[in-house]
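Morning, everyone. I have one structure to show you, and a few places in it to visit.

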Amino acid sequence: MRSEPEFGVQAELNVRVEMRDGVELATDIYRPTDPETGETVPDPKPALLDRTPYNKRGRMERHGEWYAKRGYVVAVQDCRGRFESEGEFYIFTNEPEDGYDTVEWLAERPYCDGQVGTIGTSYGAWVQSALATQDPPHLEAMFVNQGAANGREATFRHNGAFELRWLCWALTLGGGFAERALEDADIQQALANVDVREVIEDGPVRPGQSPLKHIPDYESWAFDIMTSGSAEDDLWQSPGINFEAHYDESADVPTVYAGAWYDSYTKATCDNFEALAERKDSDHFLLMGPWTHGWNSYPLPSWNKSYSGELAFGDAALMDYQRTRLDFFDHYLKDAGTWSDRPTVEFFQMGEGDGHRSREGRLFHGGSWRSAPEWPLPETEFTAFYAHGDGTLRRETPSAADAKTSYEFDPHNPVPTLGGNCSSYITYEPREETILEYPLSERTLVDMTGRGGYDQRTRADTLGAERAGRPLEARDDVLVFRTPPLEEPVRIAGPISVTVYGETDAPDTDFTAKLVDEYPPSEEFEDGFALNLADSICRGRYRGYREAPDPVEPGAVHEYDMEPYPTANVFKPGHRIRLDISSSNFPRYDVNHNTGGPLYGDREYNVATNTVHHSETYPTHIELPLQPVAE
């Protein structure tokens with residue numbers, strides 16, 4: 001039976017937990033109490049640990065109270081160098097050991113029964129996987145919501161390119177709440193004055209020439225990530241950044257890997273589940289909704305919202321975040337049987353809606369929950385759709401002996417990002433008030449890219465757009481391949497891959513791919529709706545998932561392999577399946593200068609002529625995870 005809110009709560013704030021190197025981390029402890037006497041309950045309880053860089057108070061405080069009322073000890077901790085905790089912050093580096101030490105400290109408290117579970121989203125998911133690499137003896141269960149797997153492959157960097165969200169994060173939620181910034185009003189004001197949109201448009205940033213100079217430890221890790229791309233660099237093998245490299249020695253405990261089709265960690269969530277469910281004996285689960293990054297603020301009961309970007313899914317998409325986690329921990333930490341009938345894989349199949357315009361103006365894409373025993377789904381038929389010279393996308397392989405299409409890729413005019421698997425592409429709303437009049441913690445965050453499903457046409461506020469209302473497919477540097485209107489529905493669910501046979505006259509360049517569900521024109525959407533489902537990029541020097549840079553040969557044809565993030569969608573009759581190929585997606589990824597120069601920081605630019613081959617010899621294609629339609 002599910003735990004009920006039968007207890008009162010006592011909070012012990014800013015408990016100092018000493019790490020192995022002597023650094024003390026500030027930790028708030030929430031304990032159940034007798035509701036009549038107010039005394040803490042005498043019998044020890046299982047503990048839940050939530051480690052965060054975003055301040056353990058406010059929303060996190062409510063987490064602690066919510067679970068403590070239901071019979072758990074809850075520890076919420078500021079990560080090293082953040083808010084009330086000591087030490088210097090270098091992103092993720094100390095999290096494995098700090099997490100291990102905290103789990104074991106917590107298990108030794110007399111009010112804990114020796115069982116520790118972990119919770120957290122985003123950074124709070126990273127730190128769970130990080131401590132799991134150290135296999136703490138008293139770690140018993142994890143609920144990992146939207147976290148990484150291999151930071152070099154897809155999260156910090158992406159197939160060679162840099163995800164600019166981390167520079168944005170360093171200048172906002174990271175740097176704005178660095179210990180030094182919190183102590184010095186002038187530094188915080190300098191960060192408050194920054195419009196990150198201008199910083200990245202005027203980039204690349206140079207050391208000592210941005211507001212990060214005021215917080216050198218943040219500048220250090222940001223430039224390490226931006227300038228280092230080779231797998232042999234110690235950074236990319238760290239157990240705090242690359243969990244994939246440490247799967248075998250990681251903890252074997254019941255784990256939920258939860259995520260969303262429009263999250264910035266979609267691929268990593270699925271990768272972690274697939275790899276660890278096979279390696280470990282404990283129960284592992286995958287739960288994927290149609291949401292974007294994060295979850296709704298307490299006390300709203302839903303897991304995120306019933307929409308993502310410009311898409312509406314209806315109430316079917318809602319899931320109770322807290323109660324879902326409670327059921328999991330009640331089952332594995334209290335033997336309550338509340339998770340016994342949960343499927344191994346649970347995912348939301350998007351695209352079952354009728355495409356009408358909702359009251360909020362969104363396209364009703366709809367969908368429903370599905371379940372499966374494994375991932376990828378056992379009935380998957382991985383099917384290639386090939387690009388052809390007439391602009392079609394077909395299952396038939398090309399027969400032309402020599403077919404190709406070229407375009408000019410100008411780094412000064414990149415293709416703008418319109419939604420997708422984005423998070424942290426943010427800046428603080430420009431304000432005239434000082435931080436004393438309008439604190440940084442209260443300032444509105446402006447989203448530069450949008451997140452979720454968007455019609456692929458520019459808006460007035462689209463970063464880098466030449467004009468509003470222009471479809472991306474109208475650009476000369478975007479190649480579009482689409483199926484004829486579908487006569488039968490096509491259902492996909494699972495991982496996606498794209499192979500572009502590309503050629504360039506530059507010493508280095510990028511190729512990008514985007515999967516689009518193309519709605520036909522309707523009475524409510526007169527121009528149709530080009531819905532982005534997933535995208536990816538490949539940097540030439542790291543093509544083929546190279547561990548070290550290997551310059552491209554100008555004029556030679558190379559394979560550019562990409563993995564757009566997994567998704568689950570129904571392409572309905574009358575729709576088209578569309579593949580867009582280009583060489584930029586800004587600011588989701590940094591822009592290749594086409595010079596072959598430094599990975600980041602190059603001040604030279606070349607306009608490249610890039611060519612996509614779609615011939616019998618070089619069949620550019622996308623491979624989709626087709627599922628049976630009739631059930």
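**A pocket, a helix and some backbone**

Let's start with the second largest pocket. By class, its lining has 13 nonpolar, eleven polar and six charged residues. Keep in mind that this is a predicted model.

How many residues line the second largest pocket in total? There are 30. Gly 203, Phe 586, Val 591, His 593 and Tyr 605 lie nearest its centre. The volume of this pocket is about 470 Å³. Which domains supply its lining? Domain 2 (157-235) gives at least three residues, and so does domain 3 (381-413 + 475-600 + 609-626).

Stay with Gly 203 for a moment. The peptide bond from Gly 203 to Pro 204 is cis, and its omega is near 5°. Pro 204 sits in the loop between α7 (196-201) and α8 (216-227).

There is another cis bond to look at. This one runs from Trp 375 to Pro 376, with omega near -5°. Find Pro 376 in the loop between β15 (367-372) and β16 (381-387).

Why point these out? Because most peptide bonds are trans. Most residues other than glycine also have a negative phi. That takes us to two more residues.

Take Gln 146. Its phi is near 65°, a positive value, and Gln 146 is not a glycine. It lies in the loop between β6 and β7 (157-158). Is Gln 146 buried or exposed? Its relative accessibility is 0%, so Gln 146 counts as buried; the cut-off for buried is under 20%.

Now Asn 594. Phi is near 65° here too, again positive in a residue other than glycine. Asn 594 is in the loop between β28 (576-582) and β29 (608-613). Asn 594 is buried, with a relative accessible area of 0%.

Last stop: helix α10, residues 321-334. Let's check its length. It has 14 residues, and at 1.5 Å a residue they should span 20 Å. The C-alpha atoms at its ends are 19 Å apart, which agrees.

Where does α10 sit? Twelve of its 14 residues are buried, so the helix is largely enclosed by the rest of the structure. Among the buried ones are Tyr 321, Arg 325, Asp 327, Phe 328, Phe 329 and His 331. What do the buried residues of α10 pack against? One partner is a helix, α1 (59-68). The strands are β3 (45-52), β5 (112-121), β6 (139-145), β9 (255-262) and β10 (284-292).

Conventions
Residues are numbered from 1 along each chain as its sequence is written. This is a predicted model: local features need pLDDT of at least 70, side-chain atom pairs count only at pLDDT 80 or more; totals for chains, interfaces and linings use all residues. Side-chain values use heavy atoms; hydrogens and water are left out. On a 1 Å grid over the protein atoms alone, a cavity is a set of points where a 1.4 Å probe fits but cannot get out, and a pocket is an open set with protein on both sides within 12 Å along at least five of seven lines; lining residues have an atom within 4 Å of a point. Grid points are joined across faces, edges and corners, and a volume is the space filled by probe spheres set on the points. Ala, Val, Leu, Ile, Met, Phe, Trp, Tyr, Cys and Pro count as nonpolar, Asp, Glu, Lys and Arg as charged, and the others, Gly among them, as polar. Domain bounds come from an automatic or database domain assignment. Helices (H or I, at least four residues) and strands (E, at least two) are DSSP runs, numbered from the N terminus. The expected span of a helix is 1.5 Å times one less than its number of residues. Buried means under 20% relative accessible area, exposed over 50%, partly exposed in between (1.4 Å probe, protein chains only). Contact means heavy atoms within 4.5 Å.
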